[in-house]
Amino acid sequence: MLEQTNVKTLDKVVVRFSGDSGDGMQLAGNIFTNISAGVGNQVSTFPDYPAEIRAPQGSLGGVSGFQVSVGQGVVTPGDQCDVLLAMNAAALKQNIKFLKQGGVVIVDIDSFKEADLKKAKFATDKPFEELGITPQRAQVVEVAVTTMTKAALEGTGLDPKSVLKCRNIFALGLVCWLFDRDLEGALRHLMTKFAKKPAVYEANAKVIRAGYDYGHNIHASVSTYRVETDNPRPGTYTDINGNTATAWGLIMASEKSGRPLFLGSYPITPATDILHELAKRKDLGVKAVQMEDEIAGVCSAIGASYAGNLAVTSTSGPGLALKGEGIGLAVMAELPLVVIDVQRGGPSTGLPTKTEQTDLLQALFGRNGESPVAVVAPASPTDCFTMAFEAARIALEHMTPVILLSDAFIGNGSSAWRVPDPDEFPEIRPNYLPADRCDGTWQPYERDERTKVRYWAIPGTEGATHRVGGLEKDYNTGAISNSPENHERMVYTRREKIARIADSIPALEVACEADADTLLVGWGGTYGHILTAARQLCDEGKKVAFAHFRYINPLPANTGEILSRYRRVIVAELNTGQFADYLQARFPEVKISRINKVQGQPFLVSEIVSRASHIMEEK
Amino acid sequence: MEEKVFNPADFKSDQPVRWCAGCGDHAILNVLHKAMAELGVAPHMTAVISGIGCSSRLPYYMNTYGFHTIHGRAAAVATGVKLANPALTVWQISGDGDGLAIGGNHFIHAIRRNIDINIILFNNKIYGLTKGQYSPTSDRGFVSKSSPYGTTEDPFIPAELVFGARGTFFGRSIDVELKTSQEVMVAAARHKGASVVEILQNCMIFNNGIHNHVTDREFRADRTIHLRHGEKMIFGKENQFGIVQDGFLLKAVEIGKDGYTIDDVLVHDAHCQSNFLHQQLAMMDGNALPLAVGVIRDVDSITYNDGVDAQVAEVRARKGYDSLRDMILAGETWEIK
């Protein structure tokens, strides 16, 4: 059961600039405020000066801050900030209390040396630990601001003191990248500010670009979305983002199946955090390896699967394209494999840090031959845990690759999450070759006729040596076969095997209005937005219900029955209509309208409401 | 546990072998069965992983665990198999096209990591399964269906890639040299780490006789040298030649001529950590210097799989979590009543 959630997005973002009073935080904050106002945001600011104008540099008393809230419906500078910029150790110490749980801290790591820590009265050489900054508390982005500012201005002839005065503008450049602020506006403000000092303007113009480019180069991103649970159940909670939840769901599946967890991966935005998290989880016995490329990532996972592990590879769209042939091999060899695609904007390199749902058809069909795989899609950051578990369960119990379609929005987005009791999750029972069949008589493609799942004999098992591979095999003997009839039989068997997964997944549920004539439909990471929109529409008296798909292939068994209940179905998705096409091909009699958005941005609740209302007004 | 004795037949599957009559692969397959019997690792503890190509059909002819994967990727699959279950003895069967062209990246990285697998590289300098295109080991100017006017590129020398990736084991044999092949395969399997065994293999159909300038019986003894650790580097029908050091280079001399005595002849040291002389030996091509067969390099170094296992064990012991829930509860949490 999916927890009811509310997405709070994009309304407003609070950024707090903090540093030494000589660091120019007010200037950086003001420029950011002005350019935000210039692009139509409402703004509210709160300059937080130190009591002393010139307290000793780097000391706690010398910290200066500037908080700004930008966005829609902004009436206050905000109680707490989403992003905290701390130019030195003292600024971090003084300002961490203003940061929201799970927010982002950007620090100039060059100002965290021994002397800086001493001035800021840290007792140890571990300032983050001392302040209780755990990964749950805040996402820390360490940036060598001073070093890079110096590097950017090398050879300009600017004196060292003036060079250091540009650090704030480097940081501003990075913040502009994070919030998609065009540099032109910032440059205009700098030009006005330094009209009489062209050399200083030139230096700042260089540095702001350096900061912006740095953000671009490291694919820096912050989630400015929170997904909040309504009426939380009692229990122990922690803060979690979708990528961490994905990693942890896989670990839970490993515990519930008894199969060790293996990840073969390659870094790619916005999926890399899954590799990071599972690499840390060597403390739970996870083997997470960074391979030489995406193909080696999937192929090492296939090898690990063959050898009996719960094997996973994680990537984003471009990587999924590279892994296609490997996934086809796992289809043919009928091995369990979890493939995670944290979708981003495409095609090609596209928009690496932005969110889209444009890999659906690639996941379903992006391989040579008739190559069916199971596809599931988590609905929210916390649902990544459940659906990663489900992906692993389906892979292991049905001997098939499963593609988990997450996305940048839920992957980076965070939410409070109730730590589940392991008993809430079922045991995972792979279709092992029974011990009494390990007598040399078994054939590798023998299958359970009820589910069409072949038996799994793991290398190292005596009496079950066998060969598998990418060539077509005989249905009965498992030997290489070129028979036309056998090939067709195997094609339909592999298809039927995937179709029968529908027997083990939950039915599609419908929310909202009981006597609705219109069904709003979504899938994957857009759940929160569409649900919120559907509730608003109901409140406005519109006859609309809502159904959300987390199981894409196979679809829940009652899908056709539900869709046929409504006069009109509206599919809202962040692509040009891939899921709508998929549904339409399967249910040609259903009248499907579409709400599409392909801007690299999540939906706004308001745009779903207005577009759905518009469609419902049509005859 | 009781040592079980295996016969080559224990490693042979019931599938008919479908390589062309006279193909060098038949001999290599038979030797592999013998080498496995000599090693004494049970068939069910052995996994043979291959890519695509004529040679990559080999797993179907083994009564072990076997996986015929996709073109070029066997090294990556084999890496996953070994990491998942280090108790398995893992063999990778590959050819010059599969291993060095489409699979070149995985080949060098498997060697660099020193994953404990045994790579048998069948080198026939041609694509056989696709009917005769030049491969990355074909010599410049080689005429084939895809190079009708001769290639305009230089080949890889497999050994050079192995040394470039800091390989810990390199051996070589010729398909018809059954005893040498067996000796090198057994040594490769006993070596802990990535072992590469290059076997010069003859494709009867598309590249017949490509290795004849060294392998022909007429002069094979004079144009090849069998290197054995701790033994003098001598060769020739009457063992009349030897390898000596000549400045920075190696030189083949006739013992007793031009003032060279047996004392000048180098003694092979396969275990020397420096690969400088190993590389010089492996680059000998049967022209001015004899082509080297046998175990050329075999040095100890930590394997990738042992490194991963040791780290997992160390971190587990230090953190001491028993479950995901333990790990999460050790972090920052709060209660909602």
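This is a predicted model: local features need pLDDT of at least 70, side-chain atom pairs count only at pLDDT 80 or more; totals for chains, interfaces and linings use all residues.
## Contacts along the chain

Two residues are in contact if their C-beta atoms, placed from the backbone, lie within 7 Å. Take the contacts in chain A between residues at least 6 apart in sequence: 76% of them join residues at least 24 apart.

## Chain A as a whole

Chain A contains 21 helices and 25 strands. Its C-alpha trace spans about 85 × 60 × 45 Å along the principal axes. The radius of gyration of chain A is 27 Å, which agrees with the value near 25 Å that a compact globule of 619 residues would have. Of those 619 residues, 54% count as buried.

## A helix with buried residues

## A closer look at A205(A)

Is A205(A) buried or partly exposed? A residue needs 20 or more other C-beta atoms within 10 Å to be buried; A205(A) has 19, so it counts as partly exposed.

Setting aside neighbours within four places in sequence, A205(A) is in contact with L187(A) and L190(A). Q290(A), by comparison, is 85 residues from A205(A) in sequence, and the two lie 38 Å apart in space, C-alpha to C-alpha.

## Where chain A touches chain B

Now for the partner chain: 54 residues of chain A are in contact with 50 residues of chain B. On the chain A side, the elements that give two or more residues are β9 (235–241), α10 (242–257), β10 (261–265), β11 (287–290), α12 (294–306), α13 (317–333) and β19 (467–469). Which element gives the largest share of this side? That is α12(A), with nine residues. By type, the residues on the chain A side divide into 26 nonpolar, 18 polar and 10 charged.

Strands also pair across the two chains. β9(A) is joined by three bridges to strand β14 of chain B, residues 334–336, and the two strands run antiparallel. Within this pairing, G235(A) stands opposite I336(B) in β14(B).

Technical notes
Residues are numbered from 1 along each chain as its sequence is written. Chains are lettered from A and ligands numbered from 1 in the order in which they are written. Helices (H or I, at least four residues) and strands (E, at least two) are DSSP runs, numbered from the N terminus. Ala, Val, Leu, Ile, Met, Phe, Trp, Tyr, Cys and Pro count as nonpolar, Asp, Glu, Lys and Arg as charged, and the others, Gly among them, as polar. Two strands pair if DSSP finds at least two bridges between them. A residue is buried if 20 or more other C-beta atoms lie within 10 Å of its own, exposed if 12 or fewer, and partly exposed in between; C-beta atoms are placed from the backbone. The radius of gyration is taken over C-alpha atoms; the globule rule is 2.2 Å times the number of residues to the power 0.38.
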